[in-house]
Structure formats: structure tokens, C-alpha cells
Amino acid sequence: MFRLITGRPGPSGFGSASTAEQVTHDIDGSNLTAIVTGGASGIGLETARVLAMRNVHVIIAARNMEAANKAKQCILNDNKNARVDVEKLDLSSIRSVKTFADNFKALDLPLNILINNAGIMFCPFQLSEDGVEMQFATNHLGHFYLTNLLLDKMKETAKSSGIEGRIVNLSSVAHICPYKGGIRFQKINQKNSYQNKLAYAQSKLANILHANELSRRLQEEGANITVNSVHPGLIMTPLMRHSALLMRIFRAFTCILWKNVPQGAATTCYVALHPSLKGVTGKYYYDCNEYKPSKLARDEALAKNLWDFSNNLVNASLKI
């Protein structure tokens, strides 16, 4: 807590006050290609901007193409040599995820980095077009399926280039307070017991469990790809549009703990690019330093159950 309040650097040399530009200083990503979901606004846009500044070829994957094109132009205005492309992706739709993956593969580009950044927060109960609770569908299931569809491309890239691939899942400290038991496998779409904050925490727990189980599987294969999860910190972004008043009140009493957007994107950029994390996988990062997530997030059996459950949901959605 002391480091969080003061911004004092941790063992990595960075801390809560570090920005995305600072943690990637002197890193050249000119031989890298990255996908950033939700890269049209907030910390996703800052992540895309800083990666492009470090010469990474960035593909912004976003639902709102108007916003995505504005984000691209914003990056180009700041850096005329930036390599930025945009592709449509609605993570709440399994078919949209499949279309995005097919479109990306058709570009015949390498893929070194996948940043699963997009998300929604505290929204009223709603089912996706595939009949899945919206926060779980968008924050976890869409990213789960997207990652699976792009894994072979990442493996091919890592093998042909000799460069380690990296997958980064954006989670949240909120993962510590989900529904009882963590994931409501039998009640995932139950409306009468839905609580928007617990549902959000459930989806963020799922992000860590997904990263850990995928990391385990890739290590067993000997694939040159790491998978880690991060908590970006408390940042006022469009993600909080469903609870703006509540968040403003909360921020008034906890202002010293909040970050600006450049600070909020720092941990993502650090885990995606920093050479000190070569070979590091299955970990959880906060303020650019490794932390231990909750007991549920470290439950290997829960992670395996979630993997199977997610596969079943995806397969069921593809049959609709």
C-alpha cells in the first residue's frame, strides 16, 4: 500500500507512478506485430499509441469502427511513421470473433503480442447474442475464443522468428470478490441472482484463470509463448460509464489511489514489451511488479473447469 500511495518503485524499478512511455523507454519493437483489443479508447488507446511509438505494428481491434479510426488518426498525428491498422471486433459475439480472426489471418501478418484489453464493467443484466451473460461474454469468453483462434499464428511466428510471443490478459483487483466459489458455472446466465459488481469480478477472475491455464498448456507443449495477467489500477475511463456517479463518489474518498491513463497503461506495456520478463509466464502483475492474486485465481482445478466450460459455451454458440 505504501508503494501504491507514494509511487515508489518496486523490485522491477517501476511503480504506480510510472507511465507506459517510461516503462518502454529505449525498447525497439520494429520487428513485432501486436493486436490490442479495445484499442480505440482509454488505456487501450494509450497502449496502442505507446506500442506504435516503440515501432510495433499495431492492430486496433474494436467494436466501434468510427472510434477506432479516430484513434488511428490520433496516433498518426502524434507519430506519422506509426504502423497502425484497425479491424472490427465485437467480443460479445462469437461469430464476430471468428470473422475478426479470419480477417487478420488473411492479412498474412506475423503475430507476436496479443493484448486482451477490451472490457465492460458493472452493466445491467443482459445476454449476448449467443445467450451468455454480457460481462462474462465480453470480458472472458470472447477473449478466450479469440486467443484460441490466434494461437497457431502466434506459435508459427515465434517458431519462424525465434522471438518469444506474449499474451497479456487485463484483469482487475476486483477479481478478489466474485460470487461465492468464483465462477457460477450452473448459474452463469441467471437473472434473478445477478449482481453487476460480482459479475464483473467473476469475469476478471476468469481472465486470470484463463491466463494461468493457457500458460500451463503452452509450457507443456514447449511453445515459445508466455501468458500473464495484469491489473492496470484505478483509472476513470469510458469503461465506467455504467457507474459514473458511483465511481466519482468513490474517487472523491480514494483520490490518492487513482492513476491517469498513461500510468494505467504502464503495466500492460511493461508485461508486453520489457526484456526483463523474457520467459516469465503464468504470473499476475500490478504496478509493473509481480503480485500474488487471490486463492481462487491460483486454483488449478477451477482453471481447468473454466477452460472446459468456456469451450462448451463457444461450441454451443457456434451452433446457434
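**Close-up views of helix packing and nonpolar cores**

**View 1. An enclosed helix, α10.** The buried residues of α10 are Ala 266, Thr 267, Thr 268, Cys 269, Tyr 270, Val 271, Ala 272 and Leu 273. The model shown here and in the other views is a predicted one. Helix α10 spans residues 266-273, and eight of its eight residues are buried, so the rest of the structure largely encloses this helix.

**View 2. Helices α5 and α6 side by side.** Here we look at α5 (residues 94-106) where its axis comes within 9 Å of the axis of α6 (residues 134-161), with a crossing angle of roughly 25 degrees. Because angles under 35 degrees count as roughly parallel, α5 is described as roughly parallel to α6. The crossing of α5 past α6 is right-handed. On the α5 side, look for Ile 94, Val 97, Lys 98, Phe 100, Ala 101, Phe 104 and Lys 105; they meet Leu 141, Gly 142, Tyr 145, Leu 146, Leu 149, Leu 150 and Lys 153 of α6. Sorted by class, this contact between α5 and α6 holds 10 nonpolar residues, one polar residue and three charged residues.

**View 3. The largest nonpolar core.** This core contains 46 residues, and Ile 35, Phe 136, Leu 146, Leu 150, Ile 167 and Ile 183 have the most contacts inside it. Two or more residues each come from β2 (57-62), α5, α6, α7 (196-221), β6 (225-231) and α11 (300-318). Helix α6 supplies the largest share of the core, 10 residues. As general background, nonpolar side chains in soluble globular proteins tend to be buried together.

**View 4. The surroundings of Phe 136.** Which residues is Phe 136 in contact with, leaving aside its neighbours within four places in sequence? They are Leu 141, Ile 183, Ile 188, Gln 202, Ser 203, Ala 206, Leu 306, Phe 309 and Leu 313.

**View 5. Helices α7 and α11 crossing.** The axes of α7 and α11 also come within 9 Å, and they cross at roughly 95 degrees. Since the range from 65 to 115 degrees counts as roughly perpendicular, α7 is roughly perpendicular to α11. From α7, the contact uses Leu 205, Ala 206, Leu 209, His 210, Glu 213, Leu 214, Arg 216 and Arg 217, while α11 brings Leu 302, Ala 303, Lys 304, Leu 306, Trp 307 and Asp 308. Eight residues of this contact between α7 and α11 are nonpolar, one is polar and five are charged.

Technical notes. Residues numbered from 1 in each chain as written. Predicted model: local features only at pLDDT ≥ 70, side-chain atom pairs only at ≥ 80, totals over all residues. Heavy atoms only, no water. Axes fitted to C-alpha atoms, helices over the stretch in contact; angles between N-to-C directions. Helix = DSSP H or I, 4+ residues; strand = E, 2+ residues; numbered from the N terminus. Parallel < 35°, antiparallel > 145°, perpendicular 65-115°, else oblique. Left-handed = near helix turned anticlockwise from the far one by under 90°. Contact = heavy atoms within 4.5 Å. Nonpolar A, V, L, I, M, F, W, Y, C, P; charged D, E, K, R; others polar. Core = buried A, V, L, I, M, F, W, Y, C linked by side-chain atoms within 4.5 Å. Buried < 20%, exposed > 50% of the residue type's maximum accessible area, 1.4 Å probe, protein only.
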